[in-house]
Amino acid sequence: MMVEPMPLETRRLLLRPPVPEDTDAIIAIADDWDLLRQTARMPHPFTAADAQFFFEQVLPNEPNWAIVWKPTGRLIGVIGLAPTSDGNAAAIGYYIGRDYWGLGVATEAGRAIIRVAIESFGFRTLTARHFADNPASGRVLAKLGFTIVGSSSHPCRAEGRSRAAVELELTQIRELPQA
């Protein structure tokens, strides 16, 4: 049984469960080719039907948080966990709106989600993947303590093809990252 995602706060962010009223903001952020081509599961273009699928099919099965920039109250991205069927591990994934790239938002949100993934959800291992031509995401994951465990060819739905990807894991959790 999935634990409902609880709201979390960091220094600059409010992380809360997405709600249908977020649809327009999610579409505005997600319908960006440069963002979508770095995600595995999101189509291009990203439409209202895709947002509806997210709310009806993804959210009931995977904990996700809307990333809200506290200074403005603006939704600026989404971060989530995709649990494995045995419930022992989950993949972390995220996307941040272009206006907030390079500000440390993904790292700040990731620290909070890693803590909750371990403490509230009980995951023993977290995995992540980034496409090989997205070193910025690789740097975020390295800051979060993930280590490279291999490479793969992974589908990119937006591009309609598989691409070279870097596979990472976080298994040696000695000290939880501070949010």
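**Entry 1: salt bridges.** I counted 14 salt bridges, each a side-chain nitrogen of Lys or Arg within 4 Å of a carboxyl oxygen of Asp or Glu. The model is predicted: local features need pLDDT of at least 70, side-chain atom pairs count only at pLDDT 80 or more, and totals for chains, interfaces and linings use all residues. Residues are numbered from 1 along each chain as its sequence is written, and side-chain values use heavy atoms, leaving out hydrogens and water.

**Entry 2: D32 and R98.** I looked up this salt bridge and found the closest N and O atoms 2.9 Å apart. D32 sits in the loop between α1 (23-30) and α2 (33-36), and R98 in the loop between β5 (89-96) and α4 (105-119). They are 66 residues apart. Helices (H or I, at least four residues) and strands (E, at least two) are DSSP runs, numbered from the N terminus. Next I checked cover: buried means under 20% relative accessible area, exposed over 50%, partly exposed in between (1.4 Å probe, protein chains only). D32 is buried at 13%, while R98 is partly exposed at 40%.

**Entry 3: D133 and R163.** Here the closest N and O atoms of the salt bridge are 2.5 Å apart. D133 lies in the loop between β6 (125-131) and α5 (135-143), and R163 in strand β8 (residues 161-170), so the pair ties together parts 30 residues apart in sequence. I noted that salt bridges with shared partners join R37, D133, E159, R161 and R163 into one network. D133 is partly exposed at 41%. R163 is buried at 5%.

**Entry 4: whole protein.** I listed 5 helices and 8 strands. Of the 179 residues, 48% count as buried.
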